[in-house]
Amino acid sequence: MTTPPTSRRARPAKAPLGRDVIVRTGLEILDRDGLDALTMRRVAKELDTGPASLYVYVANRDDLMTAMLDAALAQVPLASEGTWQERLRALMAAATEAMSRHEGLAAVALGEIPTGDNALLVLDRMLALLKEGGLDDTTAGWAVDLLFLHVAAAAAERSVHNTKDIGKVDAITEADRRYASLPADKYPMITALRGALFAHGDRDTWHLNVLINGILHTPAR
């Protein structure tokens with residue numbers, strides 16, 4: 001005995017289609033199934049519509065990825081406690097963490113100038129903190145470019161470890177094992193400084209301090 005087809009009128013009503021729901025669905029696919037699964041056709045299927053319907057709200061997959069990046073940056077808190085340098089480090093750390101949670105989004109940030117609402121809030125906060133630190137306008141303007149680039153690169157590295165089978169600790173252990181096997185006559189400095197290369201410590205904070213201190217002592221010309 002065959003089951004009669006369900007009338008469209010009997011199905012649950014679909015959620016209204018819009019940019020926000022498309023972005024949210026894209027993030028769900030990305031986190032559940034990975035970057036390769038994120039296509040306009042797949043998003044449309046999840047929303048029970050055709051791909052052409054999506055193009056009313058997003059220009060293409062790249063535009064969707066940019067919007068998804070901006071949605072991720074909505075999770076970045078704007079710290080209000082501590083010195084301007086402490087707040088800047090906290091802001092950058094939070095932005096790095098937000099980008100790294102979703103595969104491929106940090107790579108989007110590497111190739112684009114921030115234009116989304118949430119990315120602009122992060123950028124605006126960075127500028128305010130740099131000006132609070134006494135930087136002139138040009139140095140502050142150039143500095144946010146460098147700082148945002150560092151955030152995106154750090155997030156891209158962390159995202160790889162978050163989404164691949166090998167974690168960062170395992171990757172470091174494997175690299176240390178490889179370096180230990182290198183011939184000293186061919187790689188004298190690597191073999192001599194292998195211990196320093198893999199020394200434990202809070203590298204993330206050190207990286208940020210190097211950037212901030214370098215910016216403070218290198219005015220734009």
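Trainee: How many aromatic pairs does the count come to?
Mentor: The count comes to one aromatic pair. The rings belong to tyrosine 179 and phenylalanine 198, and because their centres are 5.2 Å apart with the planes at 70 degrees, the pair is edge-to-face. Please keep in mind that this is a predicted model.

Trainee: Where in the chain do tyrosine 179 and phenylalanine 198 sit?
Mentor: Tyrosine 179 is in helix H9 (residues 168-180), whereas phenylalanine 198 is in the loop between helix H11 (194-197) and helix H12 (203-216). They are 19 residues apart, and the pair links distant parts of the chain.

Trainee: Is phenylalanine 198 buried or exposed?
Mentor: Phenylalanine 198 has a relative accessible area of 18%, so it is buried, the cut-off for buried being under 20%. Tyrosine 179, at 30% relative accessibility, counts as partly exposed.

Trainee: Changing topic: which residues form a nonpolar patch on the surface?
Mentor: The patch is made of Met189, Leu193 and Leu197, which together have about 290 Å² of accessible area. Methionine 189 is in helix H10 (residues 188-192).

Trainee: Why does methionine 189 count as exposed?
Mentor: Its relative accessible area is 56%, so methionine 189 is exposed; the class begins over 50%.

Trainee: What about alanine 94, is it buried or exposed?
Mentor: Alanine 94 lies in helix H5, and at 17% relative accessibility it counts as buried. Leaving aside neighbours within four places in sequence, alanine 94 is in contact with Val76 and Pro77.

Trainee: On to charges. How many salt bridges does the structure hold?
Mentor: The structure holds twelve salt bridges. One of them joins aspartate 63 to arginine 19, with the closest N and O atoms 3.2 Å apart. That pair links distant parts of the chain, since aspartate 63 is in helix H4 and arginine 19 is in helix H1, 44 residues apart. Arginine 19 counts as partly exposed at 34% relative accessibility.

Trainee: Which residue forms a salt bridge with arginine 158?
Mentor: Aspartate 204 does, and the closest N and O atoms are 3.6 Å apart. Here too the pair links distant parts of the chain: arginine 158 is in helix H8 and aspartate 204 in helix H12, 46 residues apart. Both count as partly exposed, arginine 158 at 28% relative accessibility and aspartate 204 at 42%.

Trainee: Which residues do salt bridges with shared partners join into one network?
Mentor: The network joins Arg32, Asp33, Arg42 and Glu46. Within it, the side chains of arginine 32 and aspartate 33 meet in a salt bridge of 3.2 Å, N to O. Arginine 32 counts as partly exposed at 48% relative accessibility, and aspartate 33 does so at 36%.

Trainee: Now the backbone. Which residue has a positive phi although it is not a glycine?
Mentor: That is aspartate 48, with a phi of about 55 degrees. Aspartate 48 is placed in the loop between H2 and helix H3 (51-54), and its relative accessible area of 46% makes it partly exposed.

Methods:
Residues are numbered from 1 along each chain as its sequence is written. This is a predicted model: local features need pLDDT of at least 70, side-chain atom pairs count only at pLDDT 80 or more; totals for chains, interfaces and linings use all residues. Side-chain values use heavy atoms; hydrogens and water are left out. Rings of Phe, Tyr and Trp (its six-membered ring) pair if their centres lie within 6.5 Å; planes under 30 degrees apart count as stacked, over 60 as edge-to-face and the rest as tilted. Helices (H or I, at least four residues) and strands (E, at least two) are DSSP runs, numbered from the N terminus. Buried means under 20% relative accessible area, exposed over 50%, partly exposed in between (1.4 Å probe, protein chains only). Patches are made of residues with over 30% relative accessible area and no salt bridge: like charges are joined within 9 Å, nonpolar side chains (Val, Leu, Ile, Met, Phe, Trp, Tyr) within 5 Å. Accessible areas come from the Shrake-Rupley method with a 1.4 Å probe; for residues, only the protein chains shown count as cover. A salt bridge is a side-chain nitrogen of Lys or Arg within 4 Å of a carboxyl oxygen of Asp or Glu. Contact means heavy atoms within 4.5 Å.
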